[in-house]
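Here's a quick briefing to read alongside the model. Have the sequence and the 3D view open as you go.

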Amino acid sequence: MVPVSNTFSAENKSEIPPPMNCFQAFRLEKKNEIIARCPNASYRDISKVIAKWWKELPEEEKEPYREHARLAKIEHAKMYVKLASHSAS
């Protein structure tokens with residue numbers, strides 16, 4: 001699965017990014033596959049193909065991405081609670 005990135009700046013807590021959702025994890029994983037098949041594809045075309053693949057994906061195949069999003073949300077909460085409490089001191 002795709003790792004959760006930490007691009008948070010403690011200086012600007014108002015810009016805490018949301019945790020990755022299941023579609024974003026799927027998109028990151030599949031983007032390179034499309035680029036390999038169609039190197040000249042535009043961002044728009046890549047997005048359309050990935051959205052179509054996601055819609056057509058059976059529910060049971062979406063489950064790993066949902067689990068990844070669930071874990072990313074938990075990790076996100078831990079990370080930003082810790083940072084907020086450290087910067088408040």
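Let's start with histidine 76: it counts as buried because its relative accessible area is 15%, and the cut-off for buried is under 20%. Keep in mind that this is a predicted model.

**Around histidine 76**
- Histidine 76 sits in helix α3.
- Leaving aside residues up to four places away in sequence, histidine 76 touches Ile16 and a run of prolines, Pro17, Pro18 and Pro19.

**Helix α1**
- Residues 22-37 form α1, which has 16 residues.
- From first C-alpha to last, α1 reaches 23 Å, close to the 22 Å expected at 1.5 Å a residue.
- There's a bend of about 30° in α1, at lysine 30.
- Lysine 30 also shows up among the buried residues of α1, along with Cys22, Ala25, Phe26, Arg27 and Ile34.

**The nonpolar core**
- The largest nonpolar core has 11 residues in all: Met20, Cys22, Ala25, Phe26, Ile34, Ile46, Ile50, Trp54, Leu57, Tyr65 and Ala69.
- Three helices each put in at least two residues of this core: α1, α2 (43-56) and α3 (59-88).
- Which helix gives the largest share of this core? That's α1, with 4 residues.
- Cys22, Ala25, Phe26 and Ile34 are on the list of buried α1 residues, and they're in this core too.

Technical notes
Residues are numbered from 1 along each chain as its sequence is written. This is a predicted model: local features need pLDDT of at least 70, side-chain atom pairs count only at pLDDT 80 or more; totals for chains, interfaces and linings use all residues. Side-chain values use heavy atoms; hydrogens and water are left out. The expected span of a helix is 1.5 Å times one less than its number of residues. The bend at a residue is the angle between axes fitted to the seven residues ending there and the seven starting there. Buried means under 20% relative accessible area, exposed over 50%, partly exposed in between (1.4 Å probe, protein chains only). A nonpolar core is a set of buried Ala, Val, Leu, Ile, Met, Phe, Trp, Tyr and Cys residues joined through side-chain atoms within 4.5 Å. Contact means heavy atoms within 4.5 Å.
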